[in-house]
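Please find below a colleague's note on the structure. It takes the form of numbered points.

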Amino acid sequence: MRLLIQNGYIIDPSQGINSGKNLFIEDGRVVGFSAYSDGVPEGAEVFDATGLVIAPGFIDMHVHLREPGHEYKETIASGAAAAVAGGLTTICAMPNTRPVNDSAAVTRFVIEQAERAALANVFPIGALTKNSEGTELAEMGEMQDAGIVAVSDDGRPVPSAGMMRRAMEYARGFNLPVIDHCEDKSLARGGVMHEGHWSLVLGLRGMPAAAEEVDAERNCLLAELTGARLHLAHVSTRGAIDAVRRAKEKGLPVTCEVAPHHWTLTDEAVHDYDTNTKMSPPLRSPDHVDAILKGLRDGTIDVIATDHAPHHADEKALEYDEAPFGIVGLETSVGLALDRLVKPGVISLERLVELCSVNPARILALENYGTLRAGARADLTIMDPELTWTFDVSRSKSKSRNTPFDGYEFRGAAVATIVGGRIVFIHPDFELRRIGEKSLTKTQSA
């Protein structure tokens, strides 16, 4: 298949490109760029990208797909459909399934299911320890041979510093990044929201920022000790971000990510006890949100990742104390970033592409991803920074509906998603606009 993306504005930080060009794709690979004035290659389909931004496909490093074991919440196919609907071409599946992905067999299953869905690329992340119990190392080498790109016990942080050290040393032997959910359970146990003013007002047990920061400091020290590649998942506190900043200043191989809800909402959002505001780490107070925005601006934060965590409506209908942690986020991530980060000038579009494409590909060592170089995979996220749209969760591609962003109006959206040279999704509001413009053109011509 031959496809010409015509009249778009290309942003590719991997090559320092920030200008208007055509992009030609053939057989699922990038062929190269051409000037607007150049003709259409013979036999090529044309996608008119006038007024749109073309970027290397966005990669979400942190997604819970629930399959195998909890298919009533999400399947690999439904999660991949939600991903491309949100402009994400590649997602990484966390191992906390049933059974836990701590073996080559489960890794292969995830990959096979993703290939069957034929939507987003799906890379499994393997468990750090067997059954994610924190007591015995998982078979990282066998899982890597089967296709994992990192290891993590996300959701069940390794409590023992000694075990974490051994896990990091073992992972270093395979050059696998260790992704850790930083939470000292002895400090956070029983907490359901951020510990502070609003937890006191609402009478809910809080999770102190220190619970995250203690583990973040520990892990950065262990990265220095072991030389392992460390990636801190969904950092949400000022102290955790400061720990990463200091590690980077020392030249340590430490990176981190933030989730959109943590720089969009504060703990005040819990005021009406809506369980769609319950996640782990919890929504934090404004001073921590300010620290996240600073980290996004100054480069301390490397990645935006959703921590997409689908749950059935019946589970989220429980009282706040009993409801599970987590929200879905695949279809709102890019919209939130364009509307809440790019539009107000917190970051540039180029920085957004670094956070969502270039940096995840680099951290996970995904060759030919996160770039539009000749020969790279033709995975593209096409954005309209000006499109105004409203998120309607009832139209979501995910099997779950647990989001605090239902009914939100956004300015800016991923309007088309291309995976392996195939257009796999077009935003319905953008498609309606395109149809309207074509009808107007025909009327004017008549």
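This is a predicted model: local features need pLDDT of at least 70, side-chain atom pairs count only at pLDDT 80 or more; totals for chains, interfaces and linings use all residues.

1. Residues are numbered from 1 along each chain as its sequence is written, and side-chain values use heavy atoms, with hydrogens and water left out.

2. The whole structure holds 18 salt bridges (a side-chain nitrogen of Lys or Arg within 4 Å of a carboxyl oxygen of Asp or Glu). One of them joins Asp 298 to Arg 245, at 3.0 Å from N to O. This pair links distant parts of the chain, 53 residues apart: Asp 298 belongs to helix α10 and Arg 245 to helix α8 (residues 238-249). Helices (H or I, at least four residues) and strands (E, at least two) are DSSP runs, numbered from the N terminus. A salt-bridge network connects Asp 242, Arg 245 and Asp 298.

3. Arg 245 is buried at 17% relative accessibility, whereas Asp 298 is partly exposed at 39% (buried is under 20% relative accessible area, exposed over 50%, partly exposed in between; 1.4 Å probe, protein chains only).

4. Helix α10 (residues 286-298) spans 18 Å between its first and last C-alpha, close to the 18 Å expected at 1.5 Å a residue (1.5 Å times one less than its number of residues). Its buried residues include His 288, Ile 292 and Leu 296.

5. Strands β2 (residues 17-26) and β3 (residues 29-34) run antiparallel, joined by five bridges. Ile 25 has Val 30 in β3 as its bridge partner. In the turn of this hairpin, Asp 27 has a positive phi of about 50 degrees.

How values were computed
Two strands pair if DSSP finds at least two bridges between them.
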